[in-house]
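Please look over this model with a focus on helix packing and charged pairs. A short report follows the display.

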Amino acid sequence: MKDSSRWAEFSGGTVGWDVGLNTTGVQHIHLLQDYARAYHNAARSVFEAFRQTAERNRREMDAHSIVFLYRHALEVYLKTIIVWGEGLQILRGSPPKPRKQTFKDHDLAKLLPGVKDIFSLIDCSGIWNVPMYQSFTDIERVAQAVNEFPHDGFRYPIGHAGETELLPCGVSFNVIVFAEKLDGLLDLLEAAATCTWDTYQIEARTHIL
């Protein structure tokens, strides 16, 4: 098997700009929150560049990448909370759903019930982003709004076999409102994921003792 640890085509170049992906030896499932955080950071960066571009030079097509990155970060954060909560559910005597089901598709609506289950197991008092997000109902409303369009709809315009138009009627929205609501939601989910992991770690140590 070819050694894939070095991507030879892209080696060399300016010193100090080498990066390593998945090189820590940590199981990839444990990197979920890092992936979500990276996509969120990328989304913020692209949005800020878009916002700072003079209106006469702004291209609406650039908003596709903004929506795609934010949506993907949202999906990975929801999956992170479900996966981090598996151990907690087991400790509390409630078997989690099969992990395969969590990663089966990209439908946010199918992930929300599992995330809601985990929220009932952790102390959520310190994670809410008031007044935008005051309860899980607010999370569901925004996530369902994002979920109205196919997950690939903002990545490229054509679906399976090049036949289905993913945004057949187009979509109009305020990109600043979108980014503000998604930033607030993703920051909340970052806190929830961390709380879920920390709660599991504390209870696991107590369980062992």
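## Basis of the model

This is a predicted model, in which local features need pLDDT of at least 70 and side-chain atom pairs count only at pLDDT 80 or more, while totals for chains, interfaces and linings use all residues. Residues are numbered from 1 along each chain as its sequence is written, and side-chain values use heavy atoms, leaving out hydrogens and water.

## Helix α1 against helix α2

Helix α1 spans residues 32-52. Helices here are DSSP runs of H or I with at least four residues, numbered from the N terminus. α1 and α2 pack at an angle of about 160 degrees, and their axes are 8 Å apart. Axes are lines fitted to C-alpha atoms over the stretch in contact, and angles run from 0 to 180 degrees between N-to-C directions.

The two helices, α1 and α2, are therefore roughly antiparallel. Angles under 35 degrees count as roughly parallel, over 145 as roughly antiparallel, 65 to 115 as roughly perpendicular, and the rest as oblique. α1 passes α2 in a left-handed crossing. Left-handed means that the near helix is turned anticlockwise from the far one by less than a right angle. By class, the contact of α1 with α2 has 18 nonpolar, 5 polar and 3 charged residues. Nonpolar covers Ala, Val, Leu, Ile, Met, Phe, Trp, Tyr, Cys and Pro; charged covers Asp, Glu, Lys and Arg; the others, Gly among them, are polar.

## Helix α2 against helix α4

Helix α2 (residues 63-91) also packs with helix α4 (residues 108-119). The angle is about 40 degrees, with the axes 9 Å apart. α2 and α4 are therefore oblique to each other. Their crossing is left-handed.

Residues of α2 in this contact include Leu74, Leu78, Ile81 and Ile82. Those of α4 include Leu111, Leu112, Val115 and Ile118. Contact means heavy atoms within 4.5 Å. By class, the contact of α2 with α4 has 10 nonpolar, 3 polar and 4 charged residues.

## Salt bridges

Side chains of opposite charge can pair when their charged atoms come close. A salt bridge here is a side-chain nitrogen of Lys or Arg within 4 Å of a carboxyl oxygen of Asp or Glu. The count comes to 13 salt bridges. One of them joins Arg99 and Glu86 at 2.6 Å, N to O. This pair links distant parts of the chain: Arg99 is in helix α3 (residues 99-102), Glu86 is in helix α2, and they are 13 residues apart. Glu86 is buried at 10% relative accessibility, whereas Arg99 is partly exposed at 35%. Buried means under 20% relative accessible area, exposed over 50%, and partly exposed in between (1.4 Å probe, protein chains only).

Asp105 bridges to Lys110, with the closest N and O atoms 3.1 Å apart. Lys110 is exposed at 53%; Asp105 is partly exposed at 23%. Asp138 and Arg141 meet at 2.9 Å, N to O. Both lie in helix α5 (residues 136-146), 3 residues apart, about one turn of the helix. Asp138 is buried at 13%, and Arg141 is partly exposed at 43%. Salt bridges that share partners also join Asp34, Arg37 and Glu190 into one network.

Ala192 touches Ile81, Phe119, Ile122 and Ile127, not counting residues up to four places away in sequence. Trp128 is 64 residues from Ala192 in sequence, with the C-alpha atoms 9.2 Å apart in space.
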